[in-house]
Amino acid sequence: MRYKKMKAWLHQCPGEIPQGIAAPCEMAEYELNNAFPESAWTIRVVPEMKDGYRIRQENGSWVLTGGDTGVLYGAYAMIRKYYSGQPAPAAEESAPRYALRMINCWDNADGTVERGYSGRSLFFEGGHFAYDSGRMRELGRLLASVGLNVLCINNVNVHDPAQLLLEDYLPEAAELAAILRPFGVRLMFSVDYSQPMRHGITTADPLDPAVRKWWKDTAARVWEAIPDLAGFLVKADSEGRPGPFTYGRNHAEGANMLAEAVKPYGGVVVWRCFVYNCRQDWRDLETDRPKAAYEHYAYLDGQFSDNVILQVKHGPFDFQVREPLSPLLLAMKKTNLAMELQLAQEYTGHQIDLYTMAPMWKELFEEMPSGNIMSIAAVSNLGRDENYTGHPLAAVNLYTFGLLAWNPDMDMETSVSEWIRLTYSLSEKDTGDLQRVLLSSRRIYEKYTAPLGIGWMVTPHDHYGPNPSGYEYDLWGTYHKADRNAVGIDRTEHGTGYLLQYPEDFRIKYEKPETCPDLMLLFYHRLPYTFRMKDGRTMIQRIYDDHFEGLEETEKMAAVIRSIPFPEPDFSCIVRRMDMQLRNAREWCDIINTFFHRLSGIDDEKGRKIYL
Ligand code: GCW
């Protein structure tokens, strides 16, 4: 039988979704009848339950009660259980922790995808909308099946002509919104803060009456075309994008102006906090980039309108393999916050290397009460490749992100295993092996790349493969300052003071090198290579050990992966990428070890091969 690759983890669902289903509750009914033709289902819509649902068995038939969208999530919860071979629940009740569970696509109108590793855009080509409506229904189904409900379709860097989404392209955008509506998926647009200036207004100053009027008129037009548009996503004053700073306004003034314009329609403004000096002089010893977001936003706590959500990257830098939780996520108690994750594997292996993210996300939630945020977003890893995610196994990240966004307490072992069982029909042994490989992949990747929380030793701009000093004298503020004696930056009160941005209990955990968790050591501290780790090894020995282990573990992982009978075309794709990962791991291991040996002159105690 030909493997039905197009439907990803839903390939066991019979049938293609037909056109003409208008509402999520109808979709729920269609999906349930299709998946369980033998069972009788009663669907009761209780609008106040919103995304929540309740499933019961009554007199031999099933009753699904929930909000308009809740019944759909209930239906998919049943379907996921059934096709992954889990017993049907006697009764189940669930509601999501976060109201907005968002995917942010960085798709450009020309069809390219910024940091996209799964082919071209699913939505655009040649400066226009160009999508396959059957595939959009399939996408809606996939997103809804894991509870995701907002899809921002264009890049936060709004390159011409993507700004036309608010103008000429609006009718086509409305058609796409209509396709996704029955899946409970609402569209969102990234907007260019300076867009009024394309319309004869000489400024984008948020306090200027003409600017305010332009945005109000625009919002009226946009929401008339798409009444359930979720809102606008904004990257302002960041990496060259326009923003309120140009006019001497702060980001509360900037965001609140847009918020006022979209408020009558129930829209939100998702305002990104990725603001830092991206033209830093490496000679400048005062500026420490991780401090930037807190410095720009923490003092504004309480000043944002209630329909503004500040979207904060999970770490203070930029999606490195290991970063601490952003201090901003612990600081702004009077502001709506969203945490931004990145499914696109920009710094984590380009969807060539295996990198399952759930372990990292769980660590973040261990540091942050889940109530600190009210929404969650992830940069998309989707593209036009047949399998959607370039690497078939990278789909586990989209799947588990949906479950995490629904409930950050989700059990990652169960979630990963559920994805495997839905996607492939493997023996128990192979399922277990694959689950172990996936769950260990993040740590393995971490071991062979930049050591002990230091980050940024990647090839500049492209961000795949090693280049230990590639960013060292550049303008991005991402330095490790390795010399012959020591490496790292002191971010304690004795150094840049970054650690002072955290509450005391957090600070105490990291402020002393002797007690700081090993894997964060070089994020917070500058230490000599001879520093004694808690287990007695020197820091340089720990770096060598991690890198050799990372390579060895990749070799073992490759052998396991090759032994699993994935169906074609997945098998060939997975094996091909695994070979590339092996080459990458070797390159990282050797280059990082050589880099540190050349600087420190210290030999590996175990006498393994370091190229000098
Ligand atoms: O550092 C970066 C990425 C950019 C991205 C930016 C952001 C969309 O390398 O490609 O731009 O983060 O998050 O805005």
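Two strands count as paired if DSSP finds at least two bridges between them. Helices (H or I, at least four residues) and strands (E, at least two) are DSSP runs, numbered from the N terminus. Across this pair, Arg56 stands opposite Val63 in β3. The two strands form a hairpin with two residues between them, and Asn59 in the turn has a positive phi of about 45°.

β2 is also joined to strand β4 (residues 91-94) by four bridges, and these two run antiparallel. Here the bridge partner of Ile55 is Glu92 in β4. In a regular strand the side chains alternate between the two faces of the sheet.

## Basis of the model

Residues are numbered from 1 along each chain as its sequence is written, and side-chain values use heavy atoms, with hydrogens and water left out. The model is predicted: local features need pLDDT of at least 70 and side-chain atom pairs count only at pLDDT 80 or more, while totals for chains, interfaces and linings use all residues.

## Overall form

The secondary structure of the protein comes to 15 helices and 16 strands. The C-alpha trace spans about 70 × 65 × 45 Å along its principal axes. The protein has a radius of gyration of 25 Å, which agrees with the value near 25 Å for a compact globule of 612 residues. The radius is taken over C-alpha atoms, and the globule rule is 2.2 Å times the number of residues to the power 0.38.

Of the 612 residues, 64% count as buried. Buried means under 20% relative accessible area, exposed over 50%, and partly exposed in between (1.4 Å probe, protein chains only).

## The ligand

The ligand has 13 residues around it, of which Glu114, Arg272, Lys313, Asp318 and Glu346 come nearest. A residue is near a molecule if one of its heavy atoms lies within 4 Å of it. The shell divides into three nonpolar, two polar and eight charged residues. In this division Ala, Val, Leu, Ile, Met, Phe, Trp, Tyr, Cys and Pro count as nonpolar, Asp, Glu, Lys and Arg as charged, and the others, Gly among them, as polar.

An oxygen atom of the ligand is 2.4 Å from an N or O atom in the side chain of Asp318. For the side chain of Arg115 the corresponding distance to a ligand oxygen atom is 2.9 Å, and a polar side-chain atom of Glu239 lies 3.4 Å from an oxygen atom of the ligand. Taken alone the ligand exposes 340 Å², and the protein buries 96% of that. These areas come from the Shrake-Rupley method with a 1.4 Å probe.

## Backbone exceptions

Most residues other than glycine have a negative phi, and most peptide bonds are trans. The peptide bond from Asp160 to Pro161 is cis, with omega near 5°, and Pro161 is in the loop between β8 (150-152) and α4 (170-180). Another cis peptide bond joins Glu568 and Pro569, with omega about 5°; Pro569 is in the loop between α14 (539-563) and α15 (570-600).

Trp456, not a glycine, has a positive phi of about 65°. Trp456 is found in the loop between α11 (428-448) and β15 (486-487) and is buried, with a relative accessible area of 6%. Lys481 lies in the loop between α11 and β15, and its phi is near 55°, a positive value. Lys481 is partly exposed, with a relative accessible area of 30%.

Methods: A polar contact is a pair of N or O atoms within 3.5 Å; within protein, one must be able to donate a hydrogen and the other to accept it, and residues adjacent in sequence count only if both atoms are side-chain atoms.
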